Amino acid sequence: MTGLAHVPLALTPTSRKDFVSDQEVRWCPGCGDYAVLAAFQSLMPQLGIRRENTVIVSGIGCSSRFPYYMDTYGLHSIHGRAPSIATGIAMARPDLAVWVVTGDGDALSIGGNHLIHALRRNTNITILLFNNRIYGLTKGQYSPTSESGKVTKSTPAGSVDHPFDPVRLALGADATFVARTVDSDRAHLSEVLTRAVAHRGASLVEIYQNCPIFNDGAFDPLKEPDSPAVIPLRHGQPVTLAGGSLQVLRDPGSGGLSVVPPDSPGVPVVHDEHLDDPAQATALAGLTDTHGLRRAPIGIFRDVERPVHDDAARSQIVMPADEERIPALQALVTGRDTWTTG
């Protein structure tokens, strides 16, 4: 069963224009959000999902303006709570494609608890986590993904925090679909989003996204043609980079992964996104340089099947016949452990 199994598809073809709202797009010039929005608007007609069966839930932050710019149903919710609200929608309406658009501050600071529980429950929602490694809307404070030593308005002497890696956090929550892409790579972004929404269960896609005002150029090393900083993940293929001049090997003794020349001793790592054990995906995510981002795996880390939370919850709903309904409801209210006093 796919993520869109219960969602009615459009009866007639649609175009990008059908998904573009009449609202003026208001992000800073050069913001990576523009590229993600354009890719998303173009992708929706290809997915064939009806606008009226699409819901986009956002929290607070620059990325959370997203629902205004899509001519679908949308909800600009409260800080960090978008995954919880999306969970409720998915539970009540299996005929909807439910998306969450959030940022690194919104999802990983005040919203961290809500994010990990949505992932571990495996609710059928698709979460797009825009990561620019800074608080943009509130004007440039460090975020949970900012590198150690980051100088910002809130850390004038440099951050002393150790940053989150959203991918490893998601894998630690046993998320069933985890991927990473980059705002400027439209083809890869569209491919990953297509796979994410087709997945039945909770999908998390981290999108490296440039903030030209408060953290410009943070991902430039990953955007150069044939960049040696990119570790592309392709299912069923050895993990290599820099045109094959480097590869990822597993040390037979420690089991750890390292990026080394091809003639180095070790066992070549072949990427398998369908491994039930997330250990290899987590080890690959661990190759991410969370400080200077001079290196990062890009692609789908994990795509596995597991029972879906909202499907399981709906299966428990059994409506008794009319004459039995009131006694059945009263039995639920009364509960098993009751007693009479006096």
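**Exercise 1. Determine what share of the chain's contacts join residues at least 24 apart in sequence.**

Step 1. A contact requires heavy atoms within 4.5 Å. Step 2. Consider the contacts between residues at least 6 apart in sequence; 68% of them join residues at least 24 apart.

The model is predicted: local features need pLDDT of at least 70, side-chain atom pairs count only at pLDDT 80 or more, and totals for chains, interfaces and linings use all residues. Residues are numbered from 1 along each chain as its sequence is written, and side-chain values use heavy atoms, leaving out hydrogens and water.

**Exercise 2. State how the radius of gyration of the chain relates to the globule rule.**

Step 1. The radius is taken over C-alpha atoms, and the rule is 2.2 Å times the number of residues to the power 0.38. Step 2. For 342 residues a compact globule would have a value near 20 Å; the chain has 22 Å, which agrees. Step 3. Along the principal axes, the C-alpha atoms fill a box of roughly 75 × 55 × 50 Å.

**Exercise 3. Identify the buried residues of helix α6 and what covers them.**

Step 1. Helices are DSSP runs (H or I, at least four residues), as are strands (E, at least two), numbered from the N terminus; α6 spans residues 186-198. Step 2. Buried denotes under 20% relative accessible area (1.4 Å probe, protein chains only). In α6 this applies to His188, Leu189, Ser190, Val192, Leu193, Ala196 and Val197. Step 3. Their cover includes helix α1 (33-47) and the strands β3 (97-103), β4 (126-131), β5 (177-182), β6 (203-208) and β12 (296-303). Step 4. For the whole chain, buried residues make up 48% of the 342.

Methods. The expected span of a helix is 1.5 Å times one less than its number of residues. Buried means under 20% relative accessible area, exposed over 50%, partly exposed in between (1.4 Å probe, protein chains only).
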